[in-house]
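Here are some notes on the model below, for reading alongside the coordinates. Please check each point against the structure.

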Amino acid sequence: MLVVMQAHASAEDIRRVCDKIESLGYRAHSIPGAERTAIGITGNKGEVEPGTLDEMPGVQEVIRVTKPYKLVSRDMKEDNTVVSFPGTDATFGGPGLAIVAGPCAIESREQAFAVAERVQRAGAQFFRGGAYKPRTSPYSFQGLEEEALKIMAAIRDQFGLKIVTEAIDSESLELVEEYADVVQIGARNMQNFSLLKRAGRGRKPVLLKRGMSATLEEFLMAAEYVMSEGNYNVILCERGVRTFADHTRNTLDLSLIPAVQRLSHLPIVVDPSHGTGKRNKVTPLSRAAVAVGADGLLIEVHCDPDKALSDGMQSLYPDQFDELMVQVRQIAPVVGRIVAGSGVGAISGASAR
Ligand code: PEP
Ligand code: MN
């Protein structure tokens, strides 16, 4: 159920409707839009009787939302959600593309700083790096944990990059929230409902990756879990799904982007690194992702991929990332986007190196 308030409804009207909803045992989610505020009603004890709210001052109409997802839906909020970061022009979902780049895992201070310096110079505004790695084998490198988070906090201080890093359970989530700017929930945890709810009770934006066999509806329902707990800053990320194709690690499903944008107001970025698993396919698929209308890219970069402790095969060399940025800067305006940030990639490009 969704209460649409009148354009001139006062803050007091909105508060009274929220109080009424809560007094009936539901949760009220007041989400302001460009024209008017909508109040989503969630809870799992059945439908609210619409008549109770219809007559309240400031209420325009009460709508039954028939889709299983409610808060993520465009029915709830017509205009796009823009996740922003105070003190910077970096956003997810604004006119500027969000470029998130960095190594798969933080391996050492030197390794991480070397990559950070290059991706910042090329124009990325977000730095990624795994501190807690969900690996298929328990014998593979599992991440430097809090030490990695400290390294990334130092990278933010030195380069002004915002930090995106994955939490794999509620224990790591606690620490990630402390150090990072965006909490990543990985593909393997997309349906870890207790972790989603825990991230929803936090205040840091959540970058939620699509599960490797998740349908569009399952993906949106996972985002709904986060939002249902009151955290409305959710960024979706397409990172490829499992198919019979074996020329790539996963099959990057770019058709998901316009499909999500039709149904949801949430920003969606594309990760062609995990989506293809092959370095030589990352740049072509990045071009395609920007052209299809993605709100940003998540790219793995390493200065010495042959020695990387994880995902070396799909990590770009810094020079290749420079070139990717040059190309993305050319494609972005065609779809009405810009690449924010002041990287020298904007001026000189890879050819100057
Ligand atoms: C990652 O971003 O490093 C990662 C593990 O991604 P995914 O969850 O998409 O496999
Ligand atoms: Mn990786």
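Is His 274 buried or exposed?

1. His 274 is buried, with a relative accessible area of 8%. Buried means under 20% relative accessible area, exposed over 50% and partly exposed in between, with a 1.4 Å probe and protein chains only.

2. This is a predicted model, in which local features need pLDDT of at least 70 and side-chain atom pairs pLDDT 80 or more, while totals for chains, interfaces and linings use all residues. Residues are numbered from 1 along each chain, chains are lettered from A and ligands numbered from 1 in the order written, and side-chain values use heavy atoms, without hydrogens and water.

3. Cys 104 (SG), His 274 (NE2), Glu 300 (OE) and Asp 311 (OD) coordinate the manganese ion (ligand 2) at 2.0 to 2.3 Å. Donors are N, O and S atoms within 2.8 Å of the metal (3.2 Å for Na, K and Ca); water is not among the atoms, so sites may look incomplete. Along the chain, the donors of this manganese ion follow the spacing C-x169-H-x25-E-x10-D. His 274 in helix H9 (residues 272-276) and Asp 311, in the loop between strand S14 (296-300) and H11, are 37 residues apart. Helices (H or I, at least four residues) and strands (E, at least two) are DSSP runs, numbered from the N terminus.

4. Gln 184 lies in strand S10 (residues 182-185) and is buried, with a relative accessible area of 4%. Beyond its neighbours within four places in sequence, Gln 184 has contacts (heavy atoms within 4.5 Å) that include Arg 128, Glu 166, Leu 207 and Leu 298.
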